[in-house]
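Please examine the sequence and the three-dimensional structure shown below.

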Amino acid sequence: MNQVVVRALVLALLACSLPLAATAAGAPADESSQSIAGDALASANDDPAANETPRHQNPDEYDEAGDDEELESWLSDQLSDQLQDSSVALSEGQYDQAREHLGDDYDERLEQYAEVSGDTGDEDDPAEAYRNASESQERMAETIEEYHETRAEYEEALQEGDQERAHDLARELEALSDEIDEAGEDAVTNYETIDNETDEDHSDSAASVNESRSEIESEQTAVRDEQFVETELDLEVVDETASLEDPMVVRGAVQTADGEPVEGDLEIRVEDEPVAVGEPSGDWWAGDEGDFEFEYRPTDLALDEETVTVEYVPDGDTNYLGAEQEVEVTPEQTTATIDDLTATDEVAYGDPLSVSGTVTAAGEPVDDVPVAITVDGELIGTVNASEGNFEGDVETPANVSAGEGTVTASLPYEDRTLTATPAEAPISVAETETELTATATAIGEEEVAIDGSLATADGEPLDNQTLEVRVDGVAAETVETDEDGGIAGTVDTGSVDGEEVTVAVSYDGAGSNMAAAEAEETVTMPDGGDSLPVPQSAVVGIGALLGIGMLGLAGWWRRRSRRDDLDRAPSIAVGGPARGPDPAMTQDRIDALLDRAAEQLADGRTDTAVRTAHAAVRHAYGSAVGRPGAATHWEFYREHADDAADGVPLRELVETYEQAAFTPDSVTEDQAERALETAERLCEGADLEATTGSASAAA
């Protein structure tokens, strides 16, 4: 048998068997005929299990460590650049620009960085440091701008000879200067944390911030010299033990830098809390002007503290500046008693839970401490104790289990100078009926969009509740209700071309006082195309026989044909020109999704709008490359990452989609608007005829 005959037979068998094999799988013949002979031969030895459509995976469960590291580094660079740009603008007096560099775009990048890096919320966590640095820098921009505006008013008051107003403005400038210095110090500290935990270098940003601090300090020194007299504290600790039962005792004096006593009433604070000041006892500086003595009885001082800050706060009408000094302290704990606790006997969701009781320590009433109210371990609020008594209402939340329970009153302190023995009272929490509505809409051959809401029977939305979505009885996804009780998401159904699926959304109310609820809907998935009018068993049999014959002849032919292009398909297209899904039908579906996303955005459903916009792009580009929509969002991105025209906006869209689909934080309206605009541009740039073009090129 010569090669010409063999080639003709192979091509004929391929032309016949590929449409039949596709029909047996339930796919339209025109889509399957995209494959060329080389692809068919190469796929024949694939593991069948490898060809199964993978279900969509949550990024938290999907092992893409390399991609996360690359994304984390990129986001870190972006955040650092924006901090640097902001600090430079700050040093140049461009305050609006300094804040703009740390606006919504920075916040969006920070949320993405925290998600990728695994934000722990610890002080040494780089995500937390990025957050604190931006807040400090924004505070500096606002306060420096206010300082310069106030300074202009101060100079104007001096020119007009209004000394009283000038003095008041100078006092405001002093407070603003202190705030600027504190914010700058916080920013630099957070720069150091970031540099220690990442590969970034914020020395230039720190230099710019310190330059801004120095300029303000220089200006304020001039104001200070014109308006104020500096003071200092001279303190002696008589008893450094500090507890509610055994107070710390301190004696001291406030004087000027020249040693002159400060006259008038003195306001002394310890750890920002005012203390009662009296005449010193004994012979210590007795009779001298400005001498004082005070007792310090801390309630929430940490037991591991070694020093406390004592501060003199001058009256605003004087020309004195404040002063502060640190003194040594030895904290000790006192155990208080909570008695006479009463609480509402029975409550339901949203009802006020009224509580009252007393707090005493060492037989004395405890004043100005918070009392934490919990039900079966769930904190539901606090009430304040005044002169030993507390009374107030806290609202019953949904996350308190229905049934008989226990109300507990305690002090929300841990390792502090005051603790308390908790008090308990019985309570009964009634179950509240709920109403769950949900609709399911096919938005692709293997994807369903879920929309709905969860509320009480009275119509009050239930936020932050978890619901399960099942497809034909199999758990497929979970969705969270937003602040309005709304639910939205997309679910992969797998390959169910042209079939009906049952989508059920259920709320089990576990761990709450909400009743369970469920909504169910049957969805007909779109048909991928018409199949041949041949019984499936016959198609499978014919396809198998032809496939065996095809593979045998093809193998013999390939052994005979030792060409350089062994791994490529024959230079003739098989089964006619390859065609993807009808571009007109695909475009209609894309347009419908974009329209729906715009409506969802207008309704304030930002997460849903982003998911729908992302689905539109998946359809546009999935059709263009002739692939189903079963890949994860990052797999889909990587397929197009090398396309310079689409790579950057596509990545931004995928990142926003990941936040909308997989994080508890909703995307902002600005993020959703940008995502929709990006999706529209990407869909406009998608070539829905690309499949035909690529097949023709192969031919």
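Two strands are said to pair if DSSP finds at least two bridges between them; strands (E, at least two residues) and helices (H or I, at least four) are DSSP runs, numbered from the N terminus. The model is predicted, and local features need pLDDT of at least 70, side-chain atom pairs count only at pLDDT 80 or more, while totals for chains, interfaces and linings use all residues. Residues are numbered from 1 along each chain as its sequence is written, and side-chain values use heavy atoms, with hydrogens and water left out.

Consider an open sheet of three strands, in the order β21-β22-β25, with antiparallel pairing. Its edge strands, β21 (434–444) and β25 (486–492), each pair on one side only. Strand β22 (residues 447–456) is joined to β25 by seven bridges, and Ala449 stands opposite Thr490 in β25.

A nonpolar core is a set of buried Ala, Val, Leu, Ile, Met, Phe, Trp, Tyr and Cys residues joined through side-chain atoms within 4.5 Å. In the largest such core, of 72 residues, Leu83, Tyr130, Tyr191 and Val617 touch the most other members. Helix α8 (residues 163–197) gives the most to this core, with eleven residues.

Terms used:
Buried < 20%, exposed > 50% of the residue type's maximum accessible area, 1.4 Å probe, protein only.
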